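Please open the structure in your viewer and keep the selection tool at hand.

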Amino acid sequence: MKRLYHFLGLLLLLSGGAVAQKITTLSPYVEQQSQPYVNITKVELTKDFTILYFTLDYSSNPRSLEDMILGRRRSNEEIEIDPNCRLYEPGNAGRKFRFIKAEGIPVAPQKREIRPGDMVKFVVYFERLEPGIEVFDMFEGRDQGTKRYWNYFSVHVRNPKRPLPKKQPTPEPKNEEPPIIAEKPKDVPPPIEPKKETVPAPQLVTLRGTVVDAKTKKPISARISYVVPSEGNGLDSMQLSASSGRFRINLDAGNKYAYVATAKGYFPSSGAFDLTQAKGGQEIDNQIVLNPVAIGEAITLNNIYFDISKFDLLSSSFAEMDRLTQLMRENPTMEIRVEGHTDNLGDFDKNMELSQNRANAVKQYLVSKGIDAGRIEAKGFGPTRPVTKGTSESERRRNRRVELVVVKM
């Protein structure tokens, strides 16, 4: 019996040592994630790996805006994990931990098809986080076309620092004869070591911010879509869901990112995250203000563009017009007045006519997208309602605008 107890004690001791090498965090707190239907359920830190456990619930994946506009049902989707994904320590671009392997999900370019209602559980292995790093980001990639990547920002886990090993005393040298070293033949050239390629670490900037109500200044749940420079030609976009109103994004320094923030019951707001002067590792605060949709509320449609002295909408206006179309669909009883305004240069009557035609062009676009013409009034005010009386070009530019006023809800 005593031998049995000794054996069990030894077994517990050995298993305790194995357990001590693994630290588990269940349902880790994630400040932000790009796709709400793929969640991290557990993080394990072993001696060699950082292991992330995921659950993908495709039944909770919202339909795309295009599908909602066209009335299409959610279709099948292909999933994979990108082998170039990394774990990053926030605020320090030099510390990253590479992808090792995945279980339960194919690694690109291999794919797996899933259907609406499917639930998939999979595991992804990365290099072991250094002890003491208890907040990390997982960055898989930037959305391109219909392809959606899974990115997670500020994942909180337990990963305490390990105590430093005790320094062993240096043994005193013994009086021994030195070893005999054979001489190298003179005619044998030294081996040529291959050059090691150094890959520059990405210079990331941490952008923190809050989406707030323009009236109450309180945080509101919103979705932020921003356009980022791709590594190849053209642009790709990424969406970030800020359910708490607060967001945190790691972006490349030296770039400028156009964004649009949207929330139910609010007018969309557009702008830019200008990081052209920022440096890697820097943290920048930003606030996005959304105006609530209410009777009498007026907003300027900043991204509506016309040629000089013309009233045809340029193609660069279509994205803003489509957001306005969606706003009208989400509020089916809302009626609006589209107001056109010009500066005070040139003939007064021609400016009045130009402002009316520009307001009409906005109305015609909305009607072409299926919005009832009876819900839209178009009115031109020419130069009679300036927002500034300055004479500089920048101030005149502010007066040349299209505004939207809510008439009825």
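Which residues of H3 are buried? Before selecting them, please note that this is a predicted model. The buried residues of H3 are Glu320, Met321, Leu324, Thr325, Gln326, Leu327 and Met328.

Now select the whole of helix H3, residues 318–330. Its 13 residues reach 18 Å from the first C-alpha to the last, which is close to the 18 Å expected at 1.5 Å a residue.

Arg323 and Glu320 are three residues apart in helix H3, so about one helical turn separates them. Glu320 has a relative accessible area of 10% and therefore counts as buried, being under 20%.

Side chains of opposite charge can pair when their charged atoms come close. The structure holds 14 salt bridges, and two further examples follow.

Select Arg95 and Glu89 next: their salt bridge brings the closest N and O atoms to 3.0 Å. Arg95 is partly exposed, with a relative accessible area of 25%, whereas Glu89 is buried at 18%.

Finally, move to Glu403 and Arg401, another salt-bridged pair, with 2.9 Å between the closest N and O atoms. Are these residues buried or exposed? Glu403 is buried, at 13% relative accessibility, and Arg401 is buried as well, with a relative accessible area of 9%.

How values were computed: Residues numbered from 1 in each chain as written. Predicted model: local features only at pLDDT ≥ 70, side-chain atom pairs only at ≥ 80, totals over all residues. Heavy atoms only, no water. Helix = DSSP H or I, 4+ residues; strand = E, 2+ residues; numbered from the N terminus. Expected span 1.5 Å × (residues − 1). Buried < 20%, exposed > 50% of the residue type's maximum accessible area, 1.4 Å probe, protein only. Salt bridge = Lys/Arg side-chain N within 4 Å of Asp/Glu carboxyl O.
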